[in-house]
Amino acid sequence: MRARRLLPGFSLTMGVTLAYLGLVVLLPLGAMLIKAAGMSLDGFIAATTGPRALAAYEVTLVSAAEAVVFNGLAGLLFAWVLARYQFFGRNLLDALIDLPFAMPTAVAGLALAAAFAPNGWVGQYLEPLGVKVVHAQPGIAIAMAFTSLPFVVRSVQPVIEELETETEEAARTLGASEMQIFLKVILPTLAPSLLAGMSLAFARCLGEFGAIIFIAGNRPFETEIAALLIFIKLEEYEFGSATAIATVVLAFAFATMLLTNGIQAWQQRYLAKG
């Protein structure tokens, strides 16, 4: 007797999947790449390597790297607390983790700008210390970290919930310290999911726009990100330059995902060997 399946056969489901992927993802990306390919090589290089473009890449990449490092640590901590402990307000904290997904990014940017302004709830304490967040590069990193934190938490939390505590107890009975247990027992298991979450967060940071423009100040060569430069080029009807810069940003994101997948594959082979 053939086993009944809830979904239709492979051919139909694969066809629907590929059609959806082609219309929603590949078609827009293909149109952008074709537009960029229509430029001359000199024009493409001039658009993507001009001083303003290079400064925008630097601001974007540095801020994204800072946000991802912070989210890697904070996201792991949040995921561990949510997965391992029961406490009053846990469900509320669990829901707040997903707030950046539900909140419009423009609202997030306005809220962060109000909080970190010189007279804001947080900014009033940073201002006497000479720490400037609003209209400065740290504000960009904070906005990126805020909008991308859920990617790390939601990638790591299910893996922590599935960890068997018997392995940790066995390590304790053998005399391992808590730090040794974390570094040699827990972290190798969490590494693939942590890397996946951080790579998704990095890709989100590269394309973040709404939350940043309200807090960054948007000064060319100082606090102008690549996404904003693309928007400005479109407003100036420089569609070729906008497409060229967008292609570079896409290449950064794609290279990050490929590198992360390669590291994850190596990690899985390492764990399989014991």
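Me: Which residues does the UniProt annotation "transmembrane region" cover in this chain?

Reply: According to the UniProt record, an unreviewed entry, the annotation "transmembrane region" covers residues 12-34, 54-83, 95-116, 136-153, 181-203 and 244-266. Please keep in mind, as we go on, that the structure above is a predicted model. Two of these stretches can be looked at in the model itself: residues 136-153 are 94% helix and 0% strand, with end C-alpha atoms 27 Å apart, while residues 244-266 are 100% helix and 0% strand, with end C-alpha atoms 33 Å apart.

Me: What does the UniProt annotation "domain: ABC transmembrane type-1" cover, and how much of that is helix?

Reply: That annotation, again from an unreviewed UniProt entry, covers residues 57-260. In the model this span is 78% helix and 0% strand, and its end C-alpha atoms lie 21 Å apart.

Me: How many helices and strands does the chain have?

Reply: The secondary structure of the chain comes to 13 helices and 0 strands, so the pattern read along the sequence is α-α-α-α-α-α-α-α-α-α-α-α-α. The C-alpha atoms fill a box of roughly 65 × 65 × 35 Å along the principal axes, and of the 274 residues 36% count as buried. If you take the contacts between residues at least 6 apart in sequence, 75% of them join residues at least 24 apart.

Me: How should I read the packing of two helices, and what are the values for α8 and α10?

Reply: The general idea is that two packed helices are described by the angle between their axes and the distance between the axes. Here the axes of helix α8, residues 137-162, and helix α10, residues 178-207, come within 8 Å and cross at roughly 160 degrees. Because an angle over 145 degrees counts as roughly antiparallel, α8 is described as roughly antiparallel to α10. The crossing in which α8 passes α10 is right-handed.

Me: Which residues make the contact between α8 and α10?

Reply: On the α8 side they are M144, T147, S148, F151, V152, S155, V156, V159 and I160, and on the α10 side T189, L190, S193, L194, G197, M198, L200, A201, R204 and C205. Sorted by class, the contact of α8 with α10 has 12 nonpolar, 6 polar and 1 charged residues.

Me: Is S193 buried or exposed, and what does S193 touch?

Reply: S193, which is found in helix α10, has a relative accessible area of 11% and is therefore buried, since buried means under 20%. Leaving out residues up to four places away in sequence, S193 touches S155, V156, V159 and Q264.

Me: Where is F146 found, and how accessible is F146?

Reply: F146 is found in helix α8, and at 27% relative accessibility F146 counts as partly exposed. Leaving aside its neighbours within four places in sequence, F146 is in contact with P100, M103, A108 and L112. The C-alpha atoms of F146 and E169 are separated by 35 Å, the two residues being 23 residues apart along the chain.

Me: At what angle do α3 and α10 pack?

Reply: Helix α3, residues 51-84, and α10 pack at an angle of about 135 degrees, with their axes 9 Å apart. That angle makes α3 oblique to α10, and α3 passes α10 in a right-handed crossing. The contact is made by T60, L61, A64, A65, A67, V68, G72, L76 and W80 of α3, together with F182, I186, L190, L194, M198, A201, F202, C205 and L206 of α10. These residues divide into 16 nonpolar, 2 polar and no charged.

Me: What is the phi of F221, and where is the place of F221?

Reply: As a general idea, most residues other than glycine have a negative phi. F221, although not a glycine, has a positive phi of about 75 degrees. The place of F221 is in the loop between α11, residues 210-216, and α12, residues 226-235, and at 51% relative accessibility F221 counts as exposed.

Me: What is the phi of Y237, and is Y237 buried or exposed?

Reply: Y237 has a positive phi of about 60 degrees although it is not a glycine. Y237 has its place in the loop between α12 and α13, the latter being residues 239-272. At 64% relative accessibility, Y237 counts as exposed, because exposed means over 50%.

Methods:
Residues numbered from 1 in each chain as written. Predicted model: local features only at pLDDT ≥ 70, side-chain atom pairs only at ≥ 80, totals over all residues. Heavy atoms only, no water. UniProt positions renumbered as here; feature names shortened; annotations may be inferred. Helix = DSSP H or I, 4+ residues; strand = E, 2+ residues; numbered from the N terminus. Axes fitted to C-alpha atoms, helices over the stretch in contact; angles between N-to-C directions. Parallel < 35°, antiparallel > 145°, perpendicular 65-115°, else oblique. Left-handed = near helix turned anticlockwise from the far one by under 90°. Contact = heavy atoms within 4.5 Å. Nonpolar A, V, L, I, M, F, W, Y, C, P; charged D, E, K, R; others polar. Buried < 20%, exposed > 50% of the residue type's maximum accessible area, 1.4 Å probe, protein only.
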